[in-house]
Amino acid sequence: MNLPLIWIGLFTAVSYLVIRSIYRLYFHPLSNFPGPKLAAVTHLYEFYYDVVKGGKFIWEMQRMHDQYGPIVRINPREIHIKDPYYFDPIYTSKGQAKDPYIVRTFATPLSTAATVEHDRHRYRRDLVNPFFSKRSVMGVDYIVQDKVDKVCKRLTQVHERGTVVSLDDLFAALTADVISHYAYGESLGFLDTENLKNEFRDAVASAGLLCHFARFFFVVSMVAETMPALVEWMQPSSKGLWEAKRMIEQMARSSLEKDHEKNANSRKTIFDALCAESVRPEERTVARVRDEAMVVFGAGTETTARVLATGSYYLYRDKPRLEKLRAEIETVMPDSTDHVSLTQLESLPYLTAVINESLRMAHSVTMRLPRISPTPLAYKDYIIPPGTPVSQSVYFMHMDPTLFPNPDSFNPERWLEASSKGERLTKFLVPFSKGSRICLGMNLAYSELYQMFATLVRCFDLEIQTPPESVRITRDFIIGLPDDADYLKVHSLVTNAL
């Protein structure tokens, strides 16, 4: 008796899919844009490469551009442009919003990073912006220097023991201790632990492994928020994410209960700003503060740490460049125990070039970050309708051979050569993105990079034990990962403490 109803339901579903496919192919506002027909019809195309094959859609996007040109419709609703000279129109246009489809991947729906609306994003960002200004960062560079000194102590101990050190773990502990001290007022002391156990780094890895599922299945985010224990049981690799969330949630709860007026003379922290009485009541919740802190801690840990690990990997495998940099650093650090101001380090041209090249080669955030403009965008002969998600991969920018010849090669000299010709190559260095959504922690990251690279090169000789495959990016899980690994790994012997 129910059989006809089943057939009616099946016929209705098939008819809907056929009609929707015809609409997307021939009548959709994006129907005149080039790209694979299957990608225009269904998100299953993208699903196959990112979920089934595991973070491989970025390479399929590369193939699409090779076949169809610089502008491609990569799914039914989104345009991707591969043109480094069009990065600014996408990311610096006024009133832009984030794509709600993509921000699901962050697993922090109340954070500034996941805020879609322009005005709400501006309000939330204004709360923490002052802490990341260049002036604020330079005012507390002693925090960074203290953690750098601890790294040096660990490396000296490794040298005395003759054991192998995981540079990526060590640098992640450094950046996690810096950002926790900077944001919360006290370091969580990962550098003081024997095994460098780091919940923030684990959280980034766990979120990456869940990111594509969360993007395609909104229910994943809902279940994760309401029943984290269930997700942890079903996906044991996500344990680090929930451990970090629980830790930060307790920090948020404690900060909200604190009497901030009694601590008026102490250095204000990001938690103080998020929990201040002047903040809108709906923004002063444990969940909101937790989500914001999760992004600040997670992003402040893994991205900068991987730049340090990547730069060290290439630099210590290239003795002439290492010695060239060391000679430059010795001009401001004649003694290996000297502490040098950030301003002095920033004045060193070759150190700056090494940092730029490390940022380019690290491929921290490989996930595309679409922006939605409220007004039409014009690209060559195409008019992109308002409300359309438009993206450009930072990975493609940094590996563009027309800008960076032999892009797979670590070549700091390219930045000096461009500067001597009056070319502003740094315009195309966008690891922190651009515009109103630019990464908050850029100035703090540069402080860590300058101080750690300078001290490391001045004080230690390393022998890299890691093969090239361990730093070769082949998968996109928000951050770039090598094959069959949850982290980018760089292991080394400390052969000399200068």
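A residue counts as exposed when its relative accessible area is over 50% and as buried when that area is under 20%. In this predicted model, Lys380 has a relative accessibility of 62% and is therefore exposed. Lys380 lies in the loop between strand 6 (377–379) and strand 7 (382–384), and its phi is near 50 degrees, a positive value in a residue other than glycine.

His363 also has a positive phi, of about 50 degrees, although it is not a glycine. His363 is found in the loop between helix 19 and strand 5 (371–372), and at 10% relative accessibility it counts as buried. A positive phi, near 80 degrees, belongs as well to Gly422, the glycine that follows helix 21.

**Single residues compared**

| Residue | Relative accessibility | Class |
|---|---|---|
| Arg288 | 1% | buried |
| Ala293 | 4% | buried |
| His363 | 10% | buried |
| Lys380 | 62% | exposed |

Arg288 lies in helix 16, which spans residues 286–315, and its relative accessibility of 1% places it among the buried residues. The side chain of Arg288 is joined to that of Glu283 by a polar contact of 2.7 Å. When residues up to four places away in sequence are not counted, Arg288 touches Leu110, Ser111, Thr112, Arg124, Leu127, Leu274 and Glu283.

Ala293 has its place in helix 16 too, and with a relative accessible area of 4% this alanine is buried. Once its neighbours within four places in sequence are left aside, Ala293 is in contact with Ile248 and Phe271. Phe271 stands 22 residues away from Ala293 along the chain, and the C-alpha atoms of these two residues are separated by 7.9 Å.

**Packing of helix 3 on helix 4**

Helix 3 (residues 44–52) and helix 4 (residues 57–68) have axes that come within 8 Å and cross at roughly 125 degrees. Helix 3 is therefore oblique to helix 4. From helix 3, the residues Tyr45, Glu46, Tyr49 and Asp50 take part in the contact, and they meet Phe57, Glu60, Arg63 and Met64 of helix 4. By residue class, the contact of helix 3 with helix 4 comprises four nonpolar residues, no polar ones and four charged ones.

The axes of helix 17 (residues 319–330) and helix 19 (residues 349–362) lie 8 Å apart, and the two helices pack at an angle of about 135 degrees. On the side of helix 17 the contact involves Arg321, Lys324, Leu325 and Glu328, which meet Pro349, Tyr350, Leu351 and Val354 in helix 19. The residues of this contact divide into five nonpolar, no polar and three charged.

Helix 21 (residues 413–420) has Glu413, Arg414, Trp415 and Ala418 as its buried residues. These buried residues of helix 21 pack against both helix 17 and helix 19.

Three strands form an open sheet in the order 4-12-9, and their pairing is antiparallel. Strand 4 (164–166) and strand 9 stand at the edges, each with a single partner strand, so one side of each is left without a neighbour in the sheet. On average, and with direction ignored, neighbouring strands of this sheet are turned by 45 degrees against each other.

How many bridges join strand 4 to strand 12? There are three bridges between these antiparallel strands, and Val164 stands opposite Leu493 in strand 12. Strand 9 pairs with strand 12 (residues 491–497) over five bridges, likewise in the antiparallel sense, and Asp461 stands opposite Asn496 in strand 12.

Although strand 9 (residues 460–464) is an edge strand of the sheet, four of its five residues are buried, so strand 9 is largely enclosed by the rest of the structure.

Notes:
Residues are numbered from 1 along each chain as its sequence is written. This is a predicted model: local features need pLDDT of at least 70, side-chain atom pairs count only at pLDDT 80 or more; totals for chains, interfaces and linings use all residues. Side-chain values use heavy atoms; hydrogens and water are left out. Axes are lines fitted to C-alpha atoms, for helices over the stretch in contact, and angles run from 0 to 180 degrees between N-to-C directions. Angles under 35 degrees count as roughly parallel, over 145 as roughly antiparallel, 65 to 115 as roughly perpendicular and the rest as oblique. Contact means heavy atoms within 4.5 Å. Ala, Val, Leu, Ile, Met, Phe, Trp, Tyr, Cys and Pro count as nonpolar, Asp, Glu, Lys and Arg as charged, and the others, Gly among them, as polar. Buried means under 20% relative accessible area, exposed over 50%, partly exposed in between (1.4 Å probe, protein chains only). A polar contact is a pair of N or O atoms within 3.5 Å; within protein, one must be able to donate a hydrogen and the other to accept it, and residues adjacent in sequence count only if both atoms are side-chain atoms. Two strands pair if DSSP finds at least two bridges between them.
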